[in-house]
Amino acid sequence: VFFRPNHKQIPRGTSSQSQVLERLRTAFESGVTIPEKFRRTQLTNLMSMIKDNEEQIVNALHKDLTKPKFEAILSEVDIVMNELHYALSNLTSWMQPEYVSKNLATKLDDCFVRREPLGVVLIIGPWNYPMQLLILPMIGAIAAGNCVVIKPSEVSAATDNLITELMPKYLSKDCYAVVRGGPKETQALLKNRFDHIFYTGSQAVARVVLQAAAVHLTPVTLELGGKCPCLIYGRVNATAAAHRLVWAKFFNAGQSCVAPDYVLCSKATRDALVPALRQVLEDFYGSDIQKSPDMSRIVTPKHWTRLMGLLNRTKGKVVVGGEHDEKDRYIAPTVVVDVAEDDALMEEEIFGPILPILTIESLEESIKLTKRKEKPLAFYVFSDESSVVKKVLENSSSGGFCSNDGIVHMALPGLPFGGVGNSGFGHYHGHWGFEAFSHRRAVMLRGWALEKLNALRYPPYSDEKLSWLRWTTSPKSCSIM
Ligand code: NAD
């Protein structure tokens, strides 16, 4: 099943990493991951790992990001459990051969697509949802029958420690491993040959991953970020919009790849929206947000400094928030207005609790502005008018799209999750995750029948044979059978 390349010609990582990989390769080649029963057992064990250790997971996430328990359960525990239930309910059908339509020449053959595991795959995770963004892709990889190396982010150290401790207690040590470390160790790991690399993180590091993958011609999934716009046009209830916007933007203190990055709206909408945002923030988090147990912190002092740099450089006007506390890695939910297209806040993905509002009177001009930027991971439009929603949907491109809300579209396993253009390529979640880690092998099982028909292709060639052959191989030829 497994093609072993000439390892002598290929750069290798550290020796301990090579040992781990050798162990996983041997397991994969033995075929142990192929039976459905094995995959089910591992997915069920993964479920137990999450269920038995929910409190420890919540505590680790609190240590790393001061993540509120509510958000931890919603976005790191339940989303993973739901994906596991979904995979276990659908695995049997996902693994079935997919029969394809035939022509007369292949009428008696078995023609189908067979899903096969890719081999030993690598999953590299970021720190913002450090549990979800490792385990969710891993579910697809296990379901598809692969051996898996996961590389947690060193930045979210408490979750990294916990995953490293728990994984070998629940999952097959021969088939699944955690390799730890920062940039140096990750680059060494990337020198090894994998059969797929699934990377979630920044565009800068994605280039490092892609270059390393090129050496081995390894296929890659890149789950990246970008600036997700939120257009608010036409009739819209400012209070309703503010509730959804505040929740989506300040969940995890804005450190979400699908967080609305900036708002585009008319001056009149902005004037109604800003007081509504101020009110909703107070309703959600109280008058002293720093004291609220429901607001996460910025992950490290380095990330805090980057965000404060953006805030210090903006030429816009802070109308909500702006308070900060370096020791506490705290930045208050902040709204900035009068932001120009070339402002510091529009240069890069914000990835923190700062919301710039750009005022542009016409929807068409707003759409044009978004087109001047790279394609984002998510695109949001808030409006009571379906014609506005339709216009934005039809005149934009992004990984995902959601009207009148933010983030929630990514929690539905039936929808593919992934980027387009600079926000990445490849998809996962639900069946898409199983597909991401499967090879679709084209299979034609032929017998010896219909030799008269087959003989049409053999020399000596003639015009008559050619005309019969063209007919038997056309898709229409089957309709007579
Ligand atoms: P990051 O790129 O800094 O780190 C991600 C992983 O890469 C970590 O495991 C880290 O150890 C490793 N890494 C870091 N520097 C490296 C280097 N020089 N060489 C090799 N490996 C290296 O990303 P991050 O800061 O953890 O995450 C933030 C970014 O990720 C944002 O842009 C965000 O939008 C994006 N993101 C995307 C998704 C998605 O699903 N599309 C989800 C979360 C975050």
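This is a predicted model: local features need pLDDT of at least 70, side-chain atom pairs count only at pLDDT 80 or more; totals for chains, interfaces and linings use all residues.
These notebook entries record what I looked up in this structure, entry by entry.

The UniProt record, an unreviewed entry, carries the annotation "domain: Aldehyde dehydrogenase" for residues 21–442.

I then looked up how helix α3 (residues 54–65) sits against helix α4 (residues 69–94), and their axes come within 10 Å and cross at roughly 110°. Angles of 65 to 115 degrees count as roughly perpendicular, and α3 and α4 are therefore roughly perpendicular to each other. The crossing of α3 past α4 is right-handed. On the α3 side I listed Glu54, Ile57, Val58 and Leu61, which meet Lys69, Ala72, Ile73, Glu76 and Val77 of α4. Sorted by class, the residues of this contact of α3 with α4 are six nonpolar and three charged, with no polar ones.

Next I followed α4 to helix α5 (residues 132–143), where the axes come within 9 Å and cross at roughly 10°. That angle makes α4 roughly parallel to α5. From α4, the residues Ser75, Glu76, Ile79, Val80, Glu83, Leu84, Ala87 and Leu91 meet Gln132, Ile135, Leu136, Ile139 and Ala143 of α5. I counted this contact of α4 with α5 by class as nine nonpolar, two polar and two charged residues. Glu76 of α4 is listed in the contact with α3 and again in the contact with α5.

Which way does α9 lie relative to α10, parallel or oblique? Helix α9 (residues 238–250) and helix α10 (residues 267–285) pack at an angle of about 60°, with their axes 8 Å apart, and they are therefore oblique to each other. I noted a right-handed crossing here, with α9 passing α10. The α9 residues in the contact include His243, Trp247 and Phe250, while those of α10 include Leu277, Phe284 and Tyr285. By class, the contact of α9 with α10 holds 15 nonpolar and two polar residues, and no charged ones.

Last, I looked up the aromatic rings, and the count comes to 11 aromatic pairs. One of them joins phenylalanine 379 and phenylalanine 401 in a stacked arrangement, 6.4 Å centre to centre with 20° between the planes. This pair links distant parts of the chain, 22 residues apart, with phenylalanine 379 in strand β15 (residues 378–382) and phenylalanine 401 in strand β16 (residues 400–403).

How values were computed: Residues are numbered from 1 along each chain as its sequence is written. Side-chain values use heavy atoms; hydrogens and water are left out. Axes are lines fitted to C-alpha atoms, for helices over the stretch in contact, and angles run from 0 to 180 degrees between N-to-C directions. Helices (H or I, at least four residues) and strands (E, at least two) are DSSP runs, numbered from the N terminus. Angles under 35 degrees count as roughly parallel, over 145 as roughly antiparallel, 65 to 115 as roughly perpendicular and the rest as oblique. A crossing is left-handed if the near helix is turned anticlockwise from the far one by less than a right angle, and right-handed if clockwise. Contact means heavy atoms within 4.5 Å. Ala, Val, Leu, Ile, Met, Phe, Trp, Tyr, Cys and Pro count as nonpolar, Asp, Glu, Lys and Arg as charged, and the others, Gly among them, as polar. UniProt positions are given in the numbering used here, feature names are shortened, and annotations may be inferred rather than shown by experiment. Rings of Phe, Tyr and Trp (its six-membered ring) pair if their centres lie within 6.5 Å; planes under 30 degrees apart count as stacked, over 60 as edge-to-face and the rest as tilted.
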